[in-house]
Amino acid sequence: MTAFKGLYNPYELKWGAELSFPSSKALPEYGNRIYNRYPARSIFLVPRAVLSLEKGKNLSVLDPFMGSGTTGVETVLSGNHALGAEMDPFARLISSVSTTVFSKRDCKKIDETYQSIINSWSDFSPADTPDLKGIERWFSDGNLEKLLRLKHAILELSDEKYRPFFLVTFADCVKPVSLMERQSLKPYISKKYKKKTKSVEDSFLSSFDAHYEAIVQMSAACKKASSGITWVGNDASDFETKKESVDVAITSPPYINALDYTRCIKIESAMCGTLSNSEISHLHKSQIGHEARRNQQIDRKVDNAFSDYYMKISSVDCMRAETARAYFNDIYKNLICVRSALKDGGVYHMIIGDNNIRKVAIPSHEIIAHLGEEVGFKWIGYYKYRIKDHRMSIPRSSAEEKIEYEHVIMLQR
């Protein structure tokens, strides 16, 4: 095992090397702190290591599973250009704010705007109640109405340039005010323990302080102005960018038995206005790894690569086997899209968690690497690290189904 002492060169690691990364909780910095409660956020050390080797090259860096923007932040910090795909509008909002470099003048204006909001928000009438079925049950003591007054003030008093920052800050203050359990990723109200909620003002103050410090640090650390993320599509398995235009791709796709991201953040997303009740079902079923995608046409190469595991899983759970196979089919499509976008010699770095499904061990990183070779990639490197902070909180039926490692494969075009 190689102890982590700072940046490392992934291309010089021995095949299968195990790195010892520090706890991600001990590494809160810059834009990675924007909406820090975002579920299943990947560790920034991998993209930072890759991009540290390419200083001064003005690279185009693609993350087709952008999420809350970990790769995007590291791309901006390194002075490169970020490209991304992401279907969740709330995640796009977070990543856009995370990758924005504010000037000192901007930061001063944001602080002044915050003071105006704090001084007057309670005098505003409530904004419209979000179009989310049963949203009232998540709040008590008139807190929903108070939050909607605060939202109205943000929409009225913040400059359009700064409004996304304030909306993310607002979203982060929702959970402490609500009846949702603090430690649960998915919305949940405990029947056993009554939660002591924060006041709207105190929660917004805490959220603003944390987010304001993050953007100030981000702007101080970034030496180059940034235009943020250029979006190339919504679906990681079906997006388009200019062929052979990307220098490097770095991503962390969802696990097979993935979190339901839409459900995890649906209340905050609805409160911000990025997701309505009518859109939830569609977005929910569109997520890669979701069971609704199991009916798609499966490529023969995917069928062959997964056939042994499919047989073992389907003997006890046919539907789960279909879902897992469809997951690899989506990843196969993603590999085709990314290879088309990469320049010759460009490398696709993928952070992958292996799964156990119905007590069948699935070496996801090996299957994906093999599929990469099928589409024309060369598998040039592989290493792993133990997960020290299991922020996924995915329910597992037994300890053996807990994902202990994340594996990084390097596929070269």
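Biologist: Is asparagine 58 buried or exposed, and what is its relative accessible area?
Modeller: This is a predicted model, in which local features need pLDDT of at least 70 and side-chain atom pairs count only at pLDDT 80 or more, while totals for chains, interfaces and linings use all residues. Residues are numbered from 1 along each chain as its sequence is written, and side-chain values use heavy atoms, with hydrogens and water left out. Buried means under 20% relative accessible area, exposed over 50%, and partly exposed in between, for a 1.4 Å probe and protein chains only. Asparagine 58 is exposed, and its relative accessible area is 52%.

Biologist: Where does asparagine 58 lie, and about what phi does it have?
Modeller: Helices (H or I, at least four residues) and strands (E, at least two) are DSSP runs, numbered from the N terminus. Asparagine 58 lies in the loop between helix H1 (45-52) and strand S3 (60-63). Most residues other than glycine have a negative phi. Asparagine 58 is not a glycine, yet its phi is positive, at about 50°.

Biologist: Where is aspartate 141 placed, and what is its phi near?
Modeller: Aspartate 141 belongs to the loop between helix H4 (104-120) and helix H5 (143-157). Its relative accessibility is 63%, so it counts as exposed. Although aspartate 141 is a residue other than glycine, its phi is positive and near 55°.

Biologist: In which helix is glutamate 74 placed, and which residues does it touch, not counting those up to four places away in sequence?
Modeller: Glutamate 74 is part of helix H2 (residues 70-77) and is buried, with a relative accessible area of 3%. Contact means heavy atoms within 4.5 Å. Leaving out residues up to four places away in sequence, glutamate 74 touches Asn32, Phe44, Pro47, Arg48 and Leu51.

Biologist: How many Å does helix H7 reach from its first C-alpha to its last?
Modeller: Helix H7 (residues 200-221) has 22 residues. The expected span of a helix is 1.5 Å times one less than its number of residues. For H7 the expected value is 32 Å, and close to this is its reach of 31 Å.

Biologist: Why do the buried residues of H7 line one face of the helix, and within what arc do they fall?
Modeller: The buried residues of H7 include Phe204, Phe208, His211, Ile215 and Met218. What covers these buried residues includes H2, helix H3 (89-98), H4, H5 and helix H6 (163-177). The arc is that of the directions from the helix axis to the C-beta atoms. The buried residues line one face of H7 because, seen down its axis, they fall within an arc of 135°.

Biologist: How many salt bridges does the structure hold?
Modeller: A salt bridge is a side-chain nitrogen of Lys or Arg within 4 Å of a carboxyl oxygen of Asp or Glu. The number of salt bridges in the structure is 14.

Biologist: How many residues apart in sequence are the parts tied together by lysine 301 and glutamate 374?
Modeller: Lysine 301 forms a salt bridge with glutamate 374, and their closest N and O atoms are 3.9 Å apart. Lysine 301 lies in helix H11 (residues 300-314) and glutamate 374 in helix H13 (residues 364-374), so the separation in sequence of the parts they tie together is 73 residues.

Biologist: Which residue forms a salt bridge with aspartate 303?
Modeller: The partner of aspartate 303 has its closest atom pair, N and O, at 3.0 Å. The pair links distant parts of the chain, with aspartate 303 in helix H11 and its partner in helix H12 (residues 318-341), 22 residues apart.

Biologist: How far apart are the closest N and O atoms of aspartate 317 and arginine 358?
Modeller: Aspartate 317 is buried, with a relative accessible area of 15%, whereas arginine 358 is partly exposed at 38%. These two residues form a salt bridge, and the distance between their closest N and O atoms is 2.8 Å.

Biologist: Which residue of S11 is the bridge partner of methionine 350?
Modeller: Two strands pair if DSSP finds at least two bridges between them. Strand S11 (residues 405-412) has seven of its eight residues buried. Strand S7 (residues 342-353) pairs with S11 in the antiparallel sense over seven bridges, and eight bridges join S11 to strand S10 (residues 378-386), also antiparallel. In S11, methionine 350 has as its bridge partner isoleucine 409.
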